[in-house]
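Welcome! Have your viewer open and try each task before reading on.

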Amino acid sequence: MSSTDQRPARPFGAVGTAMVTPLSEDGHRVDLDAAQSLAAHVVEHGHDLVVVSGTTGEAPTLTDVEKIDLARAVVEAVGERATVVAGVGTYDTAHSIDLARAHAEVGVDGLLVVTPYYSKPSQAGVVSHTTAIADSTDLPVMLYDIPGRAGIPLALETLLRLAENPRIVAVKDAKADLQQAFLVMAQTDLVYYSGEDALNLPWLTLGAAGMVSVVSQIAGDIEREMVEAVDRSDLPAALEAHRRLVPVVEAIMNRMPGAVAAKAALHLQGVLPHAAMRGPHLPADATQLRELSAALDAAGLL
């Protein structure tokens, strides 16, 4: 069997980014031209998956109209070169269904559905909520399991139940329960994507399809090297790519909020014209920018 035959199923691609949402300099509007340029840029640098309106995309601060316009713009920018997935999950089932249907109409390829945050429903409530969203369109769904933000995890039994829905095909995991994921992959057809940049390589070695990464929009070519090395069972090359990413992951994910750091890094690279944020986020300060610049420079990313 060739290494290509051994690759995991990849319904959404392998190298994905949780794309930031470019804003006008005053933060009052979404800069759709900059969003299209950024989406094209990441596709040209190793990506085959772009996720919009996720955590890093400052989704809680975007209006429904802005989310839909953003998705439409990104779909237009990448065409068939990459899969576009839109975050539509909220803590309101009816609202999430409306967002899912509206995004289906603008041509996205899939939906990201986060565990209902803040409300902290029962696991039965999570199943009902998620199933209702999945059944509202014909699009494939990627679950987003991030208890650090949502307040509750997806339990093993919940994942097994949701896997029975033919439209629910993948999980973006940001809770680092590798054992649970291995059990789910062994018992279902759910495909896993790493949702934590520090664990992208471990996830890939356990059979994950790829990642939905914050750091990748700054270092997509290196992430692609790592994926391809794992695909051909070249662990030394995969480790070398991972080592190059370690200081970048540290600077972007552990020194400040990921959305803030990613925008700042893209601005330092000249990809974005500025790094405007919407409250409650504040832009990176001078000290953070110096540390971030040094990490990017050390990795050859400036």
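## Exercise 1: Helices side by side

H2 passes H3 in a right-handed crossing, where right-handed means that the near helix is turned clockwise from the far one by less than a right angle, and left-handed that it is turned anticlockwise. Before we start: this is a predicted model, in which local features need pLDDT of at least 70, side-chain atom pairs count only at pLDDT 80 or more, and totals for chains, interfaces and linings use all residues. Residues are numbered from 1 along each chain as its sequence is written, and side-chain values use heavy atoms, with hydrogens and water left out.

**Task.** Describe how H2 packs on H3, how H3 packs on H4, and how H10 packs on H12.

**Solution.** 

Axes are lines fitted to C-alpha atoms, for helices over the stretch in contact, and angles run from 0 to 180 degrees between N-to-C directions. Helices (H or I, at least four residues) and strands (E, at least two) are DSSP runs, numbered from the N terminus.

*Step 2, H2 and H3.* The axes of H2 and H3 are 10 Å apart, and the packing angle is about 30°. That makes H2 roughly parallel to H3, given that angles under 35 degrees count as roughly parallel, over 145 as roughly antiparallel, 65 to 115 as roughly perpendicular and the rest as oblique.

*Step 3, H3 and H4.* Helix H4 (residues 123-134) packs on H3 at about 25°, with 9 Å between the axes. H3 and H4 are therefore roughly parallel to each other, and their crossing is right-handed.

*Step 4, H10 and H12.* The axes of H10 and helix H12 (residues 286-298) cross at roughly 160° and come within 8 Å. That makes H10 roughly antiparallel to H12. The crossing of H10 and H12 is left-handed.

## Exercise 2: Backbone and burial

**Task.** Ser53 and Tyr118 each have a positive phi; locate both, and decide for each: buried or exposed?

**Solution.** 

*Step 1, Ser53.* Phi of Ser53 is near 60°, a positive value in a residue other than glycine. Ser53 belongs to the loop between strand E2 (49-52) and H2. Its relative accessibility is 5%, so Ser53 counts as buried (buried means under 20% relative accessible area, exposed over 50%, partly exposed in between, with a 1.4 Å probe and protein chains only).

*Step 2, Tyr118.* Tyr118 is not a glycine either, yet its phi is about 70°. Tyr118 sits in the loop between E4 and H4 and is exposed, with a relative accessible area of 72%.

*Step 3, the proline.* The peptide bond from Gly279 to Pro280 is cis, with omega near 20°.

## Exercise 3: Pocket and cavity

**Task.** What are the volumes of the largest pocket and the largest cavity, and which residues line them?

**Solution.** 

Grid points are joined across faces, edges and corners, and a volume is the space filled by probe spheres set on the points.

*Step 2, the pocket.* The largest pocket has a volume of about 930 Å³. Its lining has 44 residues, with Thr55, Thr56, Tyr144, Ile146 and Arg149 nearest the centre. Among the elements that each supply at least two lining residues are helix H2 (64-78), helix H3 (93-105) and strand E4 (110-114).

*Step 4, the cavity.* A search of the whole structure finds one cavity of 30 Å³ or more, and the largest cavity holds about 40 Å³ of space. Its lining includes Pro22, Asp31, Lys263 and His274. By class, seven of the cavity's lining residues are nonpolar, one is polar and two are charged.

Technical notes:
1 Å grid on protein atoms, 1.4 Å probe; cavity = no way out; pocket = protein on both sides within 12 Å on 5 of 7 lines; lining within 4 Å. Nonpolar A, V, L, I, M, F, W, Y, C, P; charged D, E, K, R; others polar.
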